[in-house]
Amino acid sequence: MTSETITATAAGTWTLGDLPVNRVGLGAMRLTGSAAFHLGAPSERERSIAVLRRAVELGVNHIDTAAFYFSSLRSANELINSALGGPYPDDLVIVTKVGPHREYSGEWGTAARPDQLRGQVEENLRQLGRDHLDVVNLRRMRQDSIAEHFGALAELREAGLIRHLGVSAVEPRHLAEARAIAPVVCVQNQYGLRGPDPADDVLRVCGEQGIAFVPFYAIAGEAGPEGASTAHDDELLAVARAHDATPAQIRLAWTLHQGPHVLAIPGTGNPDHLAENIAAGALRLTTEEVARLDAVHRAKPSGT
């Protein structure tokens, strides 16, 4: 398949609240280095900026980021602001998340208390050069209840700092808890061919309730923040050969085939990988191929 001529519109669209987005977006985590956070070498600034601008040229209008996405030299939010701000494209939707905290040294600190979330929201606003955030996800940090944290964000939404709210790393009960407080437009959980079991239930509930399901590490799999998975099942490789596609593209295509409410936010700082990821939105798997890959997903080892 020819990646360079395929745009993000090929995957179709979804609406986050009142904000239409193409179903293939861009995750900003890997813009800062060869691997996420401080796990790799810092990125070349101009290359990362070029990736962002090329993404928009190829129809990407949904970028996922966070203030805690930074390496020793690069900040994802600052890169986005430099590449696309002043002013931002009218149709660009920037989604960020709050809850986790990293010290300037790169070490993970204590997760934010509810009363600290406003500071995190304002830090994202400052770094991005915005007067409001399109969508903010509350990333659950193992707490049993998210009501107090989500309620704090709902207040910031009422104050006009946030347009729409989402949740991340949640179970169906947390989603229900949040929806009782304020509308939820998206759920962001780890999910993929080898993703965690609980996400299957969240995926289904989101589909039933018309909420976007936005998986992260859909390509990385078990490797998580360290990079793309190199562990490929025979079935995955066979489907990739049939479509003259890469395994990563098939992972993305399978994810998108899980429902029209599923969005993809593959992260990369590589211009070639960017084009390949966007082109995956044009892949149309057969019913048989989806069933074969579904079986791979169901057969995954427990807890991976």
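**Exercise 1. Which residue in β8 is the bridge partner of V167?**

Before we start, a word on the model: it is predicted, so local features need pLDDT of at least 70 and side-chain atom pairs count only at pLDDT 80 or more, while totals for chains, interfaces and linings use all residues. Residues are numbered from 1 along each chain as its sequence is written, and side-chain values use heavy atoms, with hydrogens and water left out.

*Solution.* 
- Step 1: find the elements; helices (H or I, at least four residues) and strands (E, at least two) are DSSP runs, numbered from the N terminus.
- Step 2: look at β7 (residues 162-168) and β8 (residues 186-188), parallel strands joined by 3 bridges. Two strands pair if DSSP finds at least two bridges between them.
- Step 3: read off the partner of V167 in β8, which is V187.

**Exercise 2. Work out the strand order of the sheet and find its edges.**

*Solution.* 
- Step 1: trace the open sheet of 7 strands, paired in parallel, in the order β3-β4-β5-β6-β7-β8-β9.
- Step 2: pick the strands that pair on one side only, namely β3 and β9 (212-213).
- Step 3: Contact here means heavy atoms within 4.5 Å.

**Exercise 3. Is T32 buried or exposed?**

*Solution.* 
- Step 1: locate T32 in the loop between β3 (26-27) and α1 (45-57).
- Step 2: apply the cut-offs: buried is under 20% relative accessible area, exposed over 50%, and partly exposed in between (1.4 Å probe, protein chains only).
- Step 3: T32 has 0% relative accessibility and therefore counts as buried.

**Exercise 4. Describe how α1 and α2 are arranged.**

*Solution.* 
- Step 1: take the angle between α1 and helix α2 (residues 76-84), about 60°, with the axes 9 Å apart. Axes are lines fitted to C-alpha atoms, for helices over the stretch in contact, and angles run from 0 to 180 degrees between N-to-C directions.
- Step 2: classify: under 35 degrees is roughly parallel, over 145 roughly antiparallel, 65 to 115 roughly perpendicular and the rest oblique. The pair α1 and α2 is therefore oblique.
- Step 3: name the residues in contact, among them I49 and L52 of α1 and L79 and I80 of α2.
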